[in-house]
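This briefing covers a single structure and is arranged by topic. Please consult the sequence and coordinates shown here alongside the notes that follow.

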Amino acid sequence: MTDFDFALGEHADMIRESTARFAADHIAPLAAEIDARDWFPRDLWPAMGALGLHGITVDEADGGLGLGYLEHVVAQEEVARASASIGLSYGAHSNLCVNQIRRWGNDAQKARYLPKLISGEHVGSLAMSEAGAGSDVVSMKLKAEKKGDRYVLNGTKFWITNATEADTLVVYAKTGEGSKGITTFLIEKGFAGFSIGQKIDKVGMRGSPTAELVFDDCEVPEENIMGPLNGGAGVLMSGLDYERTVLAGIQLGIMQACLDTVLPYVRERKQFGKPIGAFQLMQAKVADMYVALNSARAYVYAVARACDAGKTTRFDAAGAILLASENAMKVALEAVQALGGAGYTRDWPVERYMRDAKLLDIGAGTNEIRRMLIGRELIGARFSSARRTGSRPPP
């Protein structure tokens, strides 16, 4: 398929080329097995580290590539094109964990944790959600009490990506009341009192391990607080725009994978004496898939560029992943339909794309929450503008 040139720049093009080549050679051949066995091929992590993928946004002085979120989105897209589940684990590692340490860690924390995370020797994770606290993050129950020069954590986290494999975790816990009583901690898997609870058996994104974390009098050194004490809500919220933007790349990759499968199929599959791609109904279906992919790409790439320029808005970051997630689900469903009966079997990967695509309608903030955020921010901005100008908004 001829790609539209979004003129992303030399660095992004190089990242795409090298990541696509690696993903095609080393990830795509494992994708079906990863899904069938719910298997995380950890050997991929050092190889991806050697390619520089884990530290794309990390400064060169700290061992990274010193590039931006645009390049990170491109890498995310190409990894997910080969395997969305590996793409999800990659995003949780490189953005939710590594990038947050880059942004908020002090020099000692960066020196301790970033080298092995960037090399791929270690796997990273972020733990915010709990069984009773998802979108309502302030209602989290994991408690951290100060005892001498340590904090003792008690409680659980749930729905945590990479939980069973993670060596380093960015964990949010309550150290006070309300939104001003949350603190960010860096947790190592070897800490006494920290363990992995039940593993969650998911419909899609199998091979990206999701599990419960258990903290039972887990002692964490005071120096493992990342960012300000009781400032964890700010740490968390400050990273959401980047998280949503980078993870939107997963859905771009899924849509491209759908087209990678559908286009050869409709050229070769014959009915009524000619390829099914010769029928206008099938051409319309493929056209809709292509437009859905490139419209989402345009928005996601634009928001990633805004992130790099320090000009993104919360509602546009939410909008980009909203568009990408809903388009990916539509494209995956159309891919199944285009293959007909074959698409509804496990002999073809499109049913996996459909299962994988559904997650980002829910994960990283549901589409309902995204719509609420976008509407609230836009209406609030309009009212603020009206107050500044002395005018009233229309009814």
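**Briefing: helices and nonpolar cores**

Helix α4 is largely enclosed by the rest of the structure, because 13 of its 14 residues are buried (under 20% relative accessible area, with exposed meaning over 50% and partly exposed in between; 1.4 Å probe, protein chains only). The model is predicted: local features need pLDDT of at least 70 and side-chain atom pairs count only at pLDDT 80 or more, whereas totals for chains, interfaces and linings use all residues. Residues are numbered from 1 along each chain as its sequence is written, and side-chain values use heavy atoms, with hydrogens and water left out.

**Helix α4**
- Helices are DSSP runs of H or I with at least four residues, numbered from the N terminus.

**Nonpolar cores**
- A nonpolar core is a set of buried Ala, Val, Leu, Ile, Met, Phe, Trp, Tyr and Cys residues joined through side-chain atoms within 4.5 Å.
- The largest such core has 92 residues, of which Ile101 and Tyr172 touch the most other members.
- Helix α7 gives the most to this core, with 17 residues.
- Another core, of 21 residues, lies apart from it and includes Tyr151 and Ile225.

**Arginine 244**
- Arginine 244 belongs to helix α7 (residues 232-268) and counts as buried because its relative accessibility is 7%.
- Beyond neighbours within four places in sequence, its contacts (heavy atoms within 4.5 Å) include Arg314, Ile321 and Leu373.

Conventions: Helices (H or I, at least four residues) and strands (E, at least two) are DSSP runs, numbered from the N terminus.
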